Each structure stands twice: as C-alpha cells, then as structure tokens.
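I opened my notebook to look through one protein model. I wanted to go from the whole chain down to single residues.

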Amino acid sequence: MVILNTFSVWNDFVNPQIILGPGSGLYTVTTGVYAAVSQYSTDYSVVFPTLLLAIAPLLVFFVFMQRHIISGLTAGATKG
C-alpha cells in the first residue's frame with residue numbers, strides 16, 4: 001500500500017499544476033518536464049536532468065530494498 005501511495009503522490013500532475021499555476025515559476029518534477037516540452041520544440045537541457053531527478057530516488061530505494069522486493073515476488077510465484 002505504501003508503494004502504491006508513493007507512486008500516486010510522486011506522479012501527481014493536476015494538483016501542482018492548479019495550485020502553483022504555470023506562471024509562478026515553481027515546478028514539481030512532473031510539471032517541470034511538462035513546462036520544458038512544447039508542441040514544436042523541446043528543451044532537452046532541462047528535460048534530461050529533471051528526469052534524472054525524478055528517477056534517482058526510486059533507483060536508490062530499489063537498490064536498498066532489492067532483496068526484499070525480489071523475495072516477495074518469488075514467494076508469491078511458488079506454491080506451498
């Protein structure tokens with residue numbers, strides 16, 4: 001339940017977009033990527049570091065919890 005709730009909070013887009021507004025200059029990770037990508041051009045010097053910041057905490061979590069995640073997956077896949 002904690003993992004699912006974390007993903008929903010981490011990937012939230014609508015609430016920060018409404019509360020902060022596009023003209024405020026304050027961005028969360030998802031709204032920062034949205035602001036850097038437009039219909040005709042993309043600012044890759046903003047998109048790639050923002051995506052790295054978005055994925056880094058999840059990778060660190062996975063590295064530290066890898067043993068528990070894999071054991072939980074294999075425990076549910078076997079009978080008995």
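My entries follow, starting with the ground rules.

**Ground rules.** I am working with a predicted model, where local features need pLDDT of at least 70, side-chain atom pairs count only at pLDDT 80 or more, and totals for chains, interfaces and linings use all residues. Residues are numbered from 1 along each chain as its sequence is written, and side-chain values use heavy atoms, with hydrogens and water left out.

**Entry 1: the whole chain.** I looked up the elements. The protein chain has four helices and zero strands. Helices (H or I, at least four residues) and strands (E, at least two) are DSSP runs, numbered from the N terminus. Next I checked the dimensions. The C-alpha atoms fill a box of roughly 55 × 25 × 20 Å along the principal axes. The radius of gyration is 17 Å, while a compact globule of 80 residues would have one near 12 Å. That radius is taken over C-alpha atoms, and the globule rule is 2.2 Å times the number of residues to the power 0.38.

**Entry 2: burial.** How much of the protein chain is buried? I found that buried residues make up 10% of the 80 residues. Buried means under 20% relative accessible area, exposed over 50%, and partly exposed in between (1.4 Å probe, protein chains only).

**Entry 3: T31.** I went to helix α3, residues 29–36, where T31 lies. T31 has a relative accessible area of 3%, so I noted it as buried. I also listed its contacts (heavy atoms within 4.5 Å). Not counting residues up to four places away in sequence, T31 touches F13, P16 and Q17. The T31 side chain also reaches the backbone nitrogen of T28 at 2.8 Å.

**Entry 4: T50.** I moved on to T50, in helix α4. Why did I mark T50 as buried? T50 counts as buried because its relative accessibility is 16%. Leaving aside neighbours within four places in sequence, T50 is in contact with V29 and V33.

**Entry 5: the nonpolar patch.** I3, F7, V60, F61, F64 and M65 make a nonpolar surface patch of about 580 Å². The elements giving two or more residues to the patch are α1 (2–10) and α4 (44–77). Helix α4 supplies the largest share, four residues. I checked M65, which lies in α4. M65 has 32% relative accessibility, so it counts as partly exposed. Patch residues have over 30% relative accessible area and no salt bridge; like charges are joined within 9 Å, nonpolar side chains (Val, Leu, Ile, Met, Phe, Trp, Tyr) within 5 Å. A salt bridge is a side-chain nitrogen of Lys or Arg within 4 Å of a carboxyl oxygen of Asp or Glu.

Conventions
A polar contact is a pair of N or O atoms within 3.5 Å; within protein, one must be able to donate a hydrogen and the other to accept it, and residues adjacent in sequence count only if both atoms are side-chain atoms. Accessible areas come from the Shrake-Rupley method with a 1.4 Å probe; for residues, only the protein chains shown count as cover.
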